[in-house]
Amino acid sequence: MTPLISVIIDTYNYGRFIEKAIDSVVNQNFPKNDFEIIVVDDGSTDGTPEIVKKYKDKIKYIYKKNGGQASAFNVGFENANGRIIVFLDSD
């Protein structure tokens with residue numbers, strides 16, 4: 001089933017914030033089958049990948065070489081399946 005909403009969260013060395021950002025989406029009062037969460041990591045070196053691993057069943061995680069916020073959003077957009085795209089910064 002195609003989700004209605006794709007939430008794209010970009011991050012770069014924001015391990016201290018990423019968990020709260022993901023939780024803020026996961027805990028929304030919205031049917032879970034109607035949205036997907038895509039986290040695009042723009043080359044973090046601070047442990048962000050380890051933090052995000054605990055959400056592996058709830059998100060799509062994409063790690064890419066650092067290229068800036070716009071490139072991270074572009075990768076997220078390319079991997080989104082929803083009819084509505086929402087961008088959320090990890091901080």
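Reader: Which residue in S2 is the bridge partner of Ile 8?

Author: Strands of a sheet pair through backbone hydrogen bonds, either parallel or antiparallel. In this structure, Ile 8 has Ile 38 of S2 as its bridge partner. This is a predicted model, where local features need pLDDT of at least 70, side-chain atom pairs count only at pLDDT 80 or more, and totals for chains, interfaces and linings use all residues. Residues are numbered from 1 along each chain as its sequence is written, and side-chain values use heavy atoms, with hydrogens and water left out.

Reader: How many bridges join S1 to S2?

Author: Two strands pair if DSSP finds at least two bridges between them. S1 and S2 run parallel and are joined by 7 bridges. Strands (E, at least two residues) and helices (H or I, at least four) are DSSP runs, numbered from the N terminus.

Reader: What joins S2 to S3?

Author: Strand S2, residues 35-41, runs parallel to S3, and 4 bridges join them. Ile 38 has Lys 60 as its bridge partner in S3, and Val 39 stands opposite Tyr 61 of S3.

Reader: What is the order of the strands in the sheet?

Author: The open sheet has 4 strands in the order S3-S2-S1-S4, with parallel pairing. S3 (60-63) and S4 (84-89) are at the edges with a single partner strand each, so one side of each lacks a neighbour in the sheet. On average, neighbouring strands are turned by 20 degrees against each other, direction ignored. Axes for such angles are lines fitted to C-alpha atoms, for helices over the stretch in contact; angles run from 0 to 180 degrees between N-to-C directions.

Reader: Which strands does helix H1 touch?

Author: Contact means heavy atoms within 4.5 Å. Helix H1 (residues 15-26) packs on the sheet and touches S1 (5-11), S2 and S4. The direction of H1 makes about 175 degrees with that of S1.

Reader: Is S2 covered on one face or on both?

Author: A residue is buried under 20% relative accessible area and exposed over 50%, with partly exposed in between (1.4 Å probe, protein chains only). In S2, 7 of its 7 residues are buried. Phe 35, Ile 37, Val 39 and Asp 41 lie on one side, and Glu 36, Ile 38 and Val 40 on the other.

Reader: Which residues of helix H3 are buried?

Author: In H3 (residues 69-79) they are Ala 72, Phe 73, Val 75 and Gly 76. Seen down the axis of H3, they fall within an arc of 160 degrees, so they line one face of the helix. That arc is taken from the directions from the helix axis to the C-beta atoms. Ala 70, Phe 77 and Glu 78, on the other side of H3, are exposed. The cover over the buried residues of H3 includes S1, S2, S3 and S4.
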